[in-house]
Amino acid sequence: MIETTDMLIRGVGFMGIVVSVAGPILFLVVLRPALSLTGGDGPNQEIGRRIARTCLASGLLLASATAGAVFLVGAAVTREGASLWDLALLKRLLLETAYGNILLLRAAGAIGMVLLFRFIALYPASPRLWKAATFAALLTLATFPLSGHAAALPTREVLAMAVDGLHLFGVATWIGGLFHLRLLLGPLSKDPVTIATAVRRFSPFALASASLLIATGLINALQYIGSLTALLGTPYGLTLTAKLLLLIPLLTFGAINFLILRPALQHTKQHHNPLLRRVTTTMEGELGLGLVILLLVGALTALPYPVEDSPGRSNLAPVFSWLTPRWPHFSSPTAKRVREQKAAQKASPNPVRPAEAIAYSEFNHHWAGAFVLVMGLLSLLHAFRPRLAWARAWPLTLIGLSIFLFFRNDSNVWPLGPISFWHSLTIAHVLQHRLYVVLVAALGIVEWLGQTGRIRRTWWTYIFPGICVIGSLMLFLHAHGGFERADSLTHVQHVVIGTLGFLAGVSRWLELRVQGEDRLYGKLWGLSVTLLGLFLFVFFREH
Amino acid sequence: MTGTLILLTLAMPAGLAAHSTLVRSQPPAGATLTTPPGEIILWFNERLERQFHAVTVTDGQGRTIPTQNPHVDRADPTKLTVAVEPLPPGVYRVRWRVLSRDGHVAEGAFSFSIQP
C-alpha cells in the first residue's frame, strides 16, 4: 500500500512540476509574442492571468505531493515501532538525510512558486515576475533528479542526474505546454486567429522538446537498460516498453499537428473552423497520452534499473511464454473442489497454490476475455458500419460480463460458496470485487442508454474512458509488486493489458470528443478492446 | 478498461516494492563459517542514507544478538557495516532495512551458520 501510494504521489508531483514549469515558459516564449502580433495588452493580460492561476494550482499540488512524500517515507521507516507523528523523527528525516533535504528544498520552491504565481495573477503584465517564476520553477524542477533514481546510483550519478533533469524539462515544455494551451482554447475560442498563431508558434517549440525528450531517453536506455533482453525481461524494461509504445501514438498526434494542421492554420480567420476543432482533438489525444506517460514515469521511479538489478532477473522466458497462444479452458473445476484443495493446502507444512485454483482462475479470465472480445468486435463493426444498429449494442456485453464475474469471482462466497451474500460484504476483497462488478454493470447500462439515444451525452460519458486510464495505471502499480515475488509472467500480462487499456481509454475519449466526425478513434477503440479481449481469451495464464 | 477491471476484479495482487537490493554480504548468504565474524558487512546496489538503517541478528532460537555501531561507509555509501560480538556455533539470521538516497525503503534477510 505504501509503495503504490508512493508511486502515485511521485506521479502527481511530476504533474505538478511539469505544469508549473511550462506555464511561464509558454507565456514568455510562445504566447506573449504570438498575442502581441494579434491583439495587444488586453488579451495578453487575461491569458497571463489564466496561466498564472493554473500554475498556482499546480504549485499547490506539488507542495501537497511533497508533504505526502515526507509522510510516506516516514511511514516506511517507522514500519517497526515508532509513530509516524513523532516530530523528532520527521525532523531527523528532513534535516539529516539527503533525500529529506531535497524534499525541504522542493517544498520551499513550490511555496515560492505559488506566491509568485499569486502575484502574477494580480499583475500579469510584469515581465520580471514571469522571469522570477520561471527561475523558481526551474530550480524546483532541479530537485527531482536530485532525489530520484539517478541520485542513488553508485557511479556516474552526476551524468545520470543531468540527463534526468533535461528529460523532465523536455516533458515539461511539451506536455505541460500542451496542457496550458488546451486550457486556453476555451477562452480564446472567439479569436481563431490568435489560436492559430499560438498553435503555429507552439508546434516547433513542442518539436524541440520532443527531440530533447527522445535524445535523453535514448541516453538513459543505453546506459541503464543495456540490452533487448533487459528491455523485455525486467520490470523496469517492461514498464519502459509500455511507455515507448504509448509514445508512438503521442508522436503521431504531434506529427499530425506539426505537418498537417499547422500549415493549414496559416490562413485561418473563421469562427468555428473545423480545423481548430481537429487541433483541439489531437491536442487532447497528445495531452491524454502525455499525462498517462507521466504517471508511468512515477511507476518507473520505483523500479530498479536493469543494470543494477539482481543477476538472473533479465529473463525473456516469461515474454515468450505468453507469446504462445493456447486454447482457452472449456471446463472449470467446481467451486467446491477449489475450496477443498485450498483447505488441504492450508493444512500442509509447505502450502502451494492448488492446481484447481489456478485452473478456476484461468477459466474466469479466458471467458471474461471472451465477453471483452465480443465487445471489441462489435465496437469495430460499429466504427466501420455505423448503420448496423445492432452493433451499437456493444455495451450490453458489459452487463453479461458483470453477471459472469458476479458468479465466478470468489469461490468461497454466495452464490457458489458457503459464505452468505451479506456476510461476504464484510470481507474487504470480496466487497471490492462486488463493487467492481456493480461498476461494470452500471457502465454497460449507461453506455447502452447513451448509444441508443435514450439519455443525453454529457460529462458522464467521459467517466468510462477515465476509469479505463486509471484502472490501467493501477495495473502497472500492482504489476510491480507481483514481479517482486518472482511472478514475472503476471508483470508481463499486466503491462500488455495496461498498455491496451490506456490506448482504449484515450481513443474512446477522442471518439466521444469528435462526436462522429472522425471514425478513426472509434476504430482504434474497437481495435484496442478486441486485442485486449483476445489477449485474455487465448494468452492469459497463471502459474 | 474492461480487461483492467477484470484483472482488478478477479485478482488483486499486493506486494512490496523493493528498490535497493543486497548485492553481496560478508559473511555471504547461506555461508557456513568456521570462525565467527567480528562484523557483518552488506553491499547494496544503491547509495544509502546515513540514517534510518537497521540490522538485526537473531540466533536459531530467535533471540536477538547484540550489535554495535551500524554505519554506512563514508567513502562507499553502498556499504553498511555492523559489529557483532563473538558468536558461538549455530545458525544466524540477519535482517536488514535501509533507506536509499532516492527515498525508497527496502528490507530483506539472509542466514549463515557457524560450525563448531
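Trainee: Which way is the crossing of α4(A) and α5(A), left-handed or right-handed?
Mentor: Left-handed. Keep in mind that this is a predicted model.

Trainee: What angle do they pack at, and how far apart are the axes?
Mentor: The angle is about 160°, and the axes are 9 Å apart. Helix α4 of chain A covers residues 98–122, and helix α5 of chain A covers 127–147.

Trainee: What does that make α4(A) and α5(A) relative to each other?
Mentor: Angles over 145 degrees count as roughly antiparallel, so α4(A) and α5(A) are roughly antiparallel.

Trainee: How many nonpolar, polar and charged residues are in that contact?
Mentor: The contact of α4(A) with α5(A) has 18 nonpolar residues, five polar and one charged.

Trainee: Zooming out, how many helices and strands does chain A have?
Mentor: Chain A has 19 helices and zero strands. Of its 543 residues, 49% count as buried.

Trainee: Switching to chain B. What is the strand order in the open sheet?
Mentor: Four strands, ordered β1-β3-β7-β6, with antiparallel pairing.

Trainee: Which strands stand at the edges?
Mentor: β1 (22–26) and β6 (67–72) of chain B. Each has a single partner strand, so one side of each has no neighbour in the sheet.

Trainee: By how much are neighbouring strands turned against each other?
Mentor: By 15° on average, direction ignored.

Trainee: How many bridges join β1(B) to β3 of chain B?
Mentor: Four, and the two strands run antiparallel. Strand β3 of chain B spans residues 39–44.

Trainee: What stands opposite B:Arg24?
Mentor: B:Trp43, in β3(B).

Technical notes
Residues are numbered from 1 along each chain as its sequence is written. Chains are lettered from A and ligands numbered from 1 in the order in which they are written. This is a predicted model: local features need pLDDT of at least 70, side-chain atom pairs count only at pLDDT 80 or more; totals for chains, interfaces and linings use all residues. A residue is buried if 20 or more other C-beta atoms lie within 10 Å of its own, exposed if 12 or fewer, and partly exposed in between; C-beta atoms are placed from the backbone. Axes are lines fitted to C-alpha atoms, for helices over the stretch in contact, and angles run from 0 to 180 degrees between N-to-C directions. Angles under 35 degrees count as roughly parallel, over 145 as roughly antiparallel, 65 to 115 as roughly perpendicular and the rest as oblique. A crossing is left-handed if the near helix is turned anticlockwise from the far one by less than a right angle, and right-handed if clockwise. Ala, Val, Leu, Ile, Met, Phe, Trp, Tyr, Cys and Pro count as nonpolar, Asp, Glu, Lys and Arg as charged, and the others, Gly among them, as polar. Two strands pair if DSSP finds at least two bridges between them.
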